[in-house]
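Please read it alongside the sequence and the coordinates displayed below.

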Amino acid sequence: MSPRSVSVNEELRRRSKERLLQAAVELVAERGYDATTLGDIADRAGSARGLVSYYFPGKRHLVQSAVHRLMHRTLEEALEREPHAEGGPERMARAIDAILGLAREQPVLMRHHMAGLLQAEGFVPCPEQRRLAELLRDTVVRQGSRDVDRDYPMLRALLMGAVFAALVPGVPMPVPVLRAELFRRYGLDWGLGVPPEAQAPGGTRETDLSRFFATDLPRQEGRPARPDRRE
């Protein structure tokens with residue numbers, strides 16, 4: 001048997017990492033952060049446990065990366081869905097609705113994510129977070145910001161504050177109220193984006209989040225597709 005090429009090995013490693021990210025969001029959403037171990041995540045992903053430490057320094061880093069992946073892919077999907085929106089107000093409305101939608105539809109996952117940001121080790125920078133930041137910065141630019149370095153952090157803070165307010169145990173604020181406040185701040189018409197009374201295209205209530213975690217190995221020209229194998 002000939003050895004695998006460098007590109008195939010890289011693709012297999014990418015798929016392993018994707019499966020770990022997907023397993024992390026699934027398990028934390030089901031069980032909570034404290035009840036989810038790295039071993040659980042590796043088992044759900046069908047990966048060797050040593051791979052978790054190879055890709056991620058620890059559980060906090062893995063879970064934050066996984067949630068930021070879900071957030072940035074959810075936001076990207078909302079911004080790019082048809083009919084395509086180039087205008088700033090519509091894109092800002094979609095961005096707000098996408099993030100508030102995760103608070104409403106993935107409350108356990110997002111509550112543990114917010115709690116993790118308040119821990120001593122706090123915010124963990126990662127490639128997934130940078131992609132999320134790029135999308136939000138672009139949204140601010142298209143909204144017509146004259147000072148993106150000021151307005152992007154403000155949007156991020158307002159969205160985080162709204163998610164936190166929606167998830168406070170015992171005294172959560174209704175998402176429509178939070179949405180109305182954000183829409184007023186940014187001068188958005190209520191009918192933009194996906195109003196609470198409308199059905200969100202694609203939604204995030206579904207338990208299958210696999211579309212946010214691409215694990216298919218691209219077919220090589222002249223070779224048939226093969227079933228996924230666990231490393």
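**Structural briefing**

Pro 83 lies in the loop between helix 4 and helix 5; helices (H or I, at least four residues) are DSSP runs numbered from the N terminus. The peptide bond that joins Glu 82 to Pro 83 is cis, with omega near -5°. The model is predicted, so local features need pLDDT of at least 70 and side-chain atom pairs count only at pLDDT 80 or more, while totals for chains, interfaces and linings use all residues. Residues are numbered from 1 along each chain as its sequence is written, and side-chain values use heavy atoms, with hydrogens and water left out.

**Confidence**
- The average pLDDT of the protein is 85, and 86% of the residues score at least 70; pLDDT is the predictor's confidence in each residue, from 0 to 100.
- Residues 217-231 have a pLDDT below 50, and this stretch has 17 contacts in the model beyond near neighbours in sequence, a contact being heavy atoms within 4.5 Å.
- Where pLDDT is low, the predicted coordinates should not be read in detail.

**Helix 4 against helix 5**
- Helix 4 (residues 59-80) packs on helix 5 (residues 88-105) at an angle of about 140°, their axes being 9 Å apart; axes are lines fitted to C-alpha atoms, for helices over the stretch in contact, and angles run from 0 to 180 degrees between N-to-C directions.
- Helix 4 contributes Leu 70, Met 71, Thr 74, Leu 75, Ala 78, Leu 79 and Glu 80 to the contact, and helix 5 contributes Arg 91, Arg 94, Ala 95, Ala 98, Ile 99 and Leu 102.
- These contact residues divide into 9 nonpolar, 1 polar and 3 charged (Ala, Val, Leu, Ile, Met, Phe, Trp, Tyr, Cys and Pro count as nonpolar, Asp, Glu, Lys and Arg as charged, and the others, Gly among them, as polar).

**Helix 5 against helix 8**
- Helix 5 also packs with helix 8 (residues 148-167), at an angle of about 35° and with axes 9 Å apart.
- The contact involves Met 92, Ile 96, Ile 99, Leu 100 and Ala 103 of helix 5, together with Leu 155, Leu 159, Ala 162, Val 163, Ala 166 and Leu 167 of helix 8.
- The contact comprises 11 nonpolar residues, no polar and no charged.

**Aromatic residues**
- Tyr 54, Tyr 55 and Phe 56 form one aromatic cluster; rings of Phe, Tyr and Trp (its six-membered ring) pair if their centres lie within 6.5 Å, with planes under 30 degrees apart counted as stacked, over 60 as edge-to-face and the rest as tilted.
- Tyr 54 counts as exposed at 59% relative accessibility, whereas Tyr 55 counts as buried at 17% (buried is under 20% relative accessible area, exposed over 50%, partly exposed in between, with a 1.4 Å probe and protein chains only).

Notes: Helices (H or I, at least four residues) and strands (E, at least two) are DSSP runs, numbered from the N terminus.
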